[in-house]
Amino acid sequence: MSLRIDILTLFPGMFAPLKESIIKRAGEKGIVDINVINIRDFAFNKHRMVDDLVYGGGAGMVMKPEPIYEAVQHIKSSAAKAMPPRIIITSPQGEIFSQKKAWELSKEEHLIFICGHYEGIDDRVRVLFQGEELSIGDFVLTGGELPSMVIVDAVVRLLPGVLGDEVSAEEESFSDGLLEYPHYTRPAEFQGLKVPDVLLSGNHEEIRIWRRKQSLLKTWKNRPDLWKNAPLSQEDIKLMAEHKKTVRENYRLFTALVHYPVYNKKREVINTSFTNLDLHDIARASTTYGVEKYFLVQPIKAQHELIHTLINHWVKGYGARYNPDRKHALTKSALADSVEEVKAKISEEYGAAPKVISTAAKAYPQGVGYGELRDIMERKGGNYLLLFGTGWGLEQSLIENSDFILKPVYGPGEYNHLSVRSAASIILDRLQGE
Ligand SMILES: C[S@@+](CC[C@H](N)C(=O)[O-])C[C@H]1O[C@@H](n2cnc3c(N)ncnc32)[C@H](O)[C@@H]1O
């Protein structure tokens with residue numbers, strides 16, 4: 001059974017690409033029958049107009065319904081197909097086209113594409129023919145010609161007999177919810193770059209596993225939207241866990257407890273005092289969750305002395321001998337006058353400025369989830385600085401100037417007054433926990 005495709009357009013000259021390569025051969029084999037039809041040929045009004053001004057005012061022209069209606073009716077009356085045609089309107093307002101949709105359309109007998117132009121098509125065409133709006137992505141093109149060719153290409157290559165054995169549509173990107181693994185061909189070394197040894201090994205099982213891992217990693221790295229719904233087998237989960245062990249090395253997480261600028265109960269900007277509990281508890285939580293360094297942000301010089309004395313007691317003094325675990329945790333803590341100073345220290349010591357992550361008990365529209373942020377850190381690597389606020393929370397400018405704002409920690413009820421130490425532990429567990 002051959003698939004009939006009619007494309008309605010004002011620019012029939014734009015379809016040369018469908019007369020090349022695989023699509024051309026599919027036509028020659030009678031697997032598909034593609035007709036490009038000029039909508040202008042169905043403009044029976046006095047001036048053969050195909051577009052007109054927009055009702056309701058506004059810039060641009062809209063394609064008139066009558067010529068399109070006549071053209072579709074003409075095709076319908078001439079099509080000797082058992083199944084009624086499926087009418088596709090290419091539009092940036094449509095459902096995003098996908099491989100899944102391509103497979104679906106490849107099962108049809110007759111497709112009619114209506115290519116819009118200018119401001120688009122009079123919406124009554126869609127209503128009259130229950131047209132399906134399809135978009136090829138979140139961008140706006142000058143016309144529907146390229147989108148219709150993209151969709152036709154993706155559909156026709158899936159028709160039985162179109163793809164030779166040079167490519168298999170069953171095993172490619174999106175076929176199992178993942179992106180395909182990278183490919184290599186001769187020479188085995190090019191510009192100093194070698195083909196991965198496993199591909200030269202002839203060991204089919206190891207090649208299969210390598211390819212599967214590459215597909216998993218590529219999808220995880222490049223397409224978090226696909227990754228979210230990817231059907232993972234036990235083997236996939238094991239392969240990813242092995243990889244994730246290594247990615248932790250890709251990024252560093254730092255924590256900072258901010259004593260200034262923060263708010264008091266009346267939302268006045270204040271400088272809070274340092275507490276020993278905050279020092280110990282957040283230092284221990286930070287160390288438990290693999291944080292590189294824990295900074296205490298405190299501009300009051302007098303408090304510096306107190307903090308240094310306490311840290312030295314546990315790092316160098318009696319405390320260090322009495323409790324080596326505490327020494328370990330406090331060795332990773334440091335003092336700074338401001339968040340800016342912390343960022344500068346991290347750039348200097350760890351080679352790159354950190355992305356700043358703010359925390360707050362209040363939700364912000366641009367708030368990021370824990371899984372999402374964790375994914376970003378693992379995928380993108382780099383340095384990340386997690387800010388916790390004492391008092392009634394971080395001052396607004398710190399939050400606005402941060403790269404990410406984490407969603408608040410919520411309990412089941414209304415009550416939401418966690419101590420900063422508890423919040424820090426919960427947040428670190430969500431970001432770094434197993
Ligand atoms: C300039 S666009 C009209 C855009 C329309 N005013 C809007 O904002 O949604 C003209 C025509 O190009 C086609 N087109 C533009 N971008 C597209 C996309 N991303 N996917 C599918 N078709 C697109 C449609 O056929 C559309 O009617």
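Me: In which loop does Arg48 lie?

Reply: This is a predicted model, in which local features need pLDDT of at least 70, side-chain atom pairs count only at pLDDT 80 or more, and totals for chains, interfaces and linings use all residues. Residues are numbered from 1 along each chain as its sequence is written, and side-chain values use heavy atoms, without hydrogens and water. Arg48 lies in the loop between strand E2 (32-38) and strand E3 (51-53). Helices (H or I, at least four residues) and strands (E, at least two) are DSSP runs, numbered from the N terminus.

Me: What is the phi of Arg48?

Reply: Most residues other than glycine have a negative phi, and most peptide bonds are trans. Arg48 has a positive phi, near 50°.

Me: Which peptide bond that ends at Pro187 is cis?

Reply: The bond from Arg186 to Pro187 is cis, with omega near 5°. Pro187 is placed in the loop between helix H5 (145-156) and strand E8 (189-190). A cis peptide bond also joins Tyr260 and Pro261, where omega is about -5°.

Me: At what angle do helices H10 and H13 pack?

Reply: Two packed helices are described by the angle between their axes and the distance between the axes. Axes are lines fitted to C-alpha atoms, for helices over the stretch in contact, and angles run from 0 to 180 degrees between N-to-C directions. Helix H10 (residues 276-288) and helix H13 (residues 324-331) pack at about 85°, with axes 8 Å apart. The two helices H10 and H13 are therefore roughly perpendicular (under 35 degrees is roughly parallel, over 145 roughly antiparallel, 65 to 115 roughly perpendicular, and the rest oblique).
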